[in-house]
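Q: Here is a model I would like to go through with you. Please take a close look at one part of it, after a word on the whole chain.

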Amino acid sequence: MFKAALITGCFFLYSCHNDYQQVQDLAKKTIPTDKATNVTTYFSQGGITKAKLTTPLMTMAQGDTPKTEFPKTLHVDFYDSVKLQSKLFAKYGLYYPNKHLVFLRDSVVVFNVQGDTLRSEELWWDQDKEIIYTTLPVHIRKPDEKLDGDSMTADQNFNHYTIFNARGPINVPDSTLPAN
């Protein structure tokens with residue numbers, strides 16, 4: 001009887017042995033991912049087109065925090081009703097649809113219709129607040145001046161902006177009172 005129990009116990013111990021890598025692979029969560037190429041998509045609020053995005057590759061991952069990634073550049077045109085207001089380019093982008101936030105990095109460039117150009121290595125776009133911002137250095141080139149700063153916030157059309165710790169020529173209107 002003891003011999004039968006020992007053989008049975010050894011059999012169960014041997015059969016319960018698992019390969020460590022197989023266990024690790026089973027424990028990994030797989031997040032469904034969709035891919036699309038040569039994408040053009042529109043963002044709207046209240047039935048009004050606010051932006052048009054084009055990208056050669058877009059991946060969408062579902063999960064606890066859904067996200068859409070643009071690993072091979074993206075281009076966004078921003079509109080005010082129907083009229084084009086600004087253009088944005090970046091080598092990489094990440095969109096969080098539940099938060100309406102877009103993160104851009106690597107050679108980010110924004111142009112507006114006034115001829116102003118913004119360059120930064122990183123930029124956030126908050127769709128709900130209709131603003132763009134960064135905490136990294138910015139370089140702004142206007143037709144008649146150059147500005148650099150440590151960070152910036154602006155409306156999404158890049159028409160009005162605030163540069164923090166700005167350096168460069170800043171045009172300030174004359175505030176002196178005329179002589180009587």
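What share of the contacts in the protein chain with a separation of 6 or more comes from residues 24 or more positions apart? Then turn to strand S9 (residues 131–134): which residues make up its covered face and which its uncovered one?

A: The share is 33% for residues 24 or more positions apart, among contacts with a separation of 6 or more. Contact here means heavy atoms within 4.5 Å. This is a predicted model: local features need pLDDT of at least 70, side-chain atom pairs count only at pLDDT 80 or more, and totals for chains, interfaces and linings use all residues. Residues are numbered from 1 along each chain as its sequence is written, and side-chain values use heavy atoms, with hydrogens and water left out.

The protein chain has 2 helices and 13 strands. These are DSSP runs numbered from the N terminus: helices are H or I with at least four residues, strands are E with at least two. Of the 180 residues, 33% count as buried. Buried means under 20% relative accessible area, with a 1.4 Å probe and protein chains only.

Now strand S9. Ile132 and Thr134 form its covered face, Ile131 and Tyr133 the uncovered one. Strand S8 (residues 117–126) pairs with S9 in the antiparallel sense over 3 bridges. Strands pair if DSSP finds at least two bridges between them. Tryptophan 125 has isoleucine 132 of S9 as its bridge partner. The S8 and S9 hairpin has 4 residues between the strands, and there glutamate 130 takes a positive phi near 55°. Strand S12 (residues 151–155) also runs antiparallel to S9, joined by 4 bridges. There, isoleucine 131 stands opposite aspartate 155.

Serine 120 lies in S8 and is buried at 3% relative accessibility. A polar atom of the side chain of serine 120 lies 3.1 Å from the backbone oxygen of glutamate 122.

Back to tryptophan 125, the partner of isoleucine 132. Tryptophan 125 is buried, with a relative accessible area of 4%. Together with Phe43, Phe78 and Tyr95, Trp125 forms one aromatic cluster. The structure holds 5 aromatic pairs. Rings of Phe, Tyr and Trp (its six-membered ring) pair if their centres lie within 6.5 Å; planes under 30 degrees apart count as stacked, over 60 as edge-to-face, the rest as tilted. The rings of phenylalanine 43 and tyrosine 95 have centres 5.7 Å apart and planes at 75°, so this pair is edge-to-face. Phenylalanine 43 sits in strand S1 (residues 33–45) and tyrosine 95 in strand S6 (residues 92–96), 52 residues apart. For phenylalanine 78 and tryptophan 125, the centres are 4.8 Å apart and the planes at 90°, so this pair is edge-to-face. Phenylalanine 78 lies in strand S4 (residues 74–80) and tryptophan 125 in S8, so the pair ties together parts 47 residues apart in sequence. Phenylalanine 78 is buried at 1% relative accessibility.

Definitions and conventions:
Buried means under 20% relative accessible area, exposed over 50%, partly exposed in between (1.4 Å probe, protein chains only). A polar contact is a pair of N or O atoms within 3.5 Å; within protein, one must be able to donate a hydrogen and the other to accept it, and residues adjacent in sequence count only if both atoms are side-chain atoms.
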